[in-house]
Amino acid sequence: MKIVICSDAAQTRRLAAQVLAQQVRSKPNSVLGLATGRTMEAIYAQLAEKAQNEALDFSDVTTFNLDEYIGLAANHPQSYRYYMQEHLFGLINISAENTHVPDGTAEDVKAEARSYENRIAQAGGIDLQLLGLGENGHIGFNEPLSALNSRTHVVTLAQATLRQNAGMFNNDMEQVPTRALTMGTGTILDAREALLVVTDAKKAEIIARVIEGPVSALVPGSALQLHPHCLVLLDAAAASRL
Ligand code: GLP
């Protein structure tokens, strides 16, 4: 793991957007793995700004998102497909057929998981996977105790995740879907490069376990220690327990 500690969250996000932009510039037909969550919003805003001001071309880029809630359609404001459209896809020149988010409304979600995994393979695998970190150490929606070699699969979300994400559902845990489709930890580890971005003091303890603790299914993010090319961008607050 290569760790970079930035002075504040704004600088961390700026650097993350630069890494993504550099990837697209150096390989215009890149396959990007994308993430959602509050941390990513400003990163995508900066990337979209770069696309406009620096003529960054996404026309040959393909994307695969990490995860999606089961039961939420693309037009549901809390679905990750909707999030991506709002925060990135609608702001850059990417073609809709090149953007992939697991279909949380698929009749057979297990078949959708298998097909998603096949689509990633057919695209030639992921060049750069962007990742955030759940407060319980999850990456994508791979919750504590999920297998470290898993592929795209259906998960039941941990109570801690339902609580963490309730903010996006009017603070009503009843509204948060309890299941999701997620790339597996094994799928994530197969990306040629990984970029983990973590900000805020509330994640200081868990990121210390991800980086310095043992590799353990109790902390799914710790599997990134096994990745040969993983860059971790932190702000000073998140890095305070290292
Ligand atoms: C969700 C996503 C994760 C993301 C996490 C962190 O649970 N499934 O991929 O890393 O949120 O979100 P935030 O950046 O809002 O803390």
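In which loop is Asn136 found? Asn136 lies in the loop that runs between strand S6 (128-131) and strand S7 (153-156), where helices (H or I, at least four residues) and strands (E, at least two) are DSSP runs numbered from the N terminus. The model is predicted: local features need pLDDT of at least 70, side-chain atom pairs count only at pLDDT 80 or more, and totals for chains, interfaces and linings use all residues. Residues are numbered from 1 along each chain as its sequence is written.

The protein chain contains 7 helices and 10 strands. Its radius of gyration, taken over C-alpha atoms, is 16 Å, close to the 18 Å given by the globule rule for 242 residues, so the chain is as compact as a globular protein of that length. The globule rule is 2.2 Å times the number of residues to the power 0.38. The C-alpha trace spans about 45 × 40 × 35 Å along its principal axes. Of the 242 residues, 43% count as buried; a residue is buried if 20 or more other C-beta atoms, placed from the backbone, lie within 10 Å of its own, exposed if 12 or fewer, and partly exposed in between.

Ile207 touches Leu133, Val198, Leu234 and Ala238, leaving aside residues up to four places away in sequence; contact requires C-beta atoms, placed from the backbone, within 7 Å.

The ligand is surrounded by 14 residues, counted as near if the C-beta atom, placed from the backbone, lies within 6 Å. The closest are Gly37, Arg38, Thr39, Gly132 and Gly134. Helix H2 (38-53) and helix H5 (159-165) each supply at least two residues of this shell.

An unreviewed UniProt entry lists Asp67, Asn136, His138 and Glu143 under "active site"; such annotations may be inferred rather than shown by experiment. Glu143 is also placed in the loop between S6 and S7. Asn136 counts as partly exposed because it has 18 C-beta neighbours inside 10 Å, whereas Glu143, with 22, counts as buried. Not counting residues up to four places away in sequence, Asn136 touches Glu143, Pro144, Ala158, Ala160 and Thr161. On that basis, the contacts of Glu143 include Asn136, His138, Val155 and Pro220.

Note on methods: Contact = placed C-beta atoms within 7 Å.
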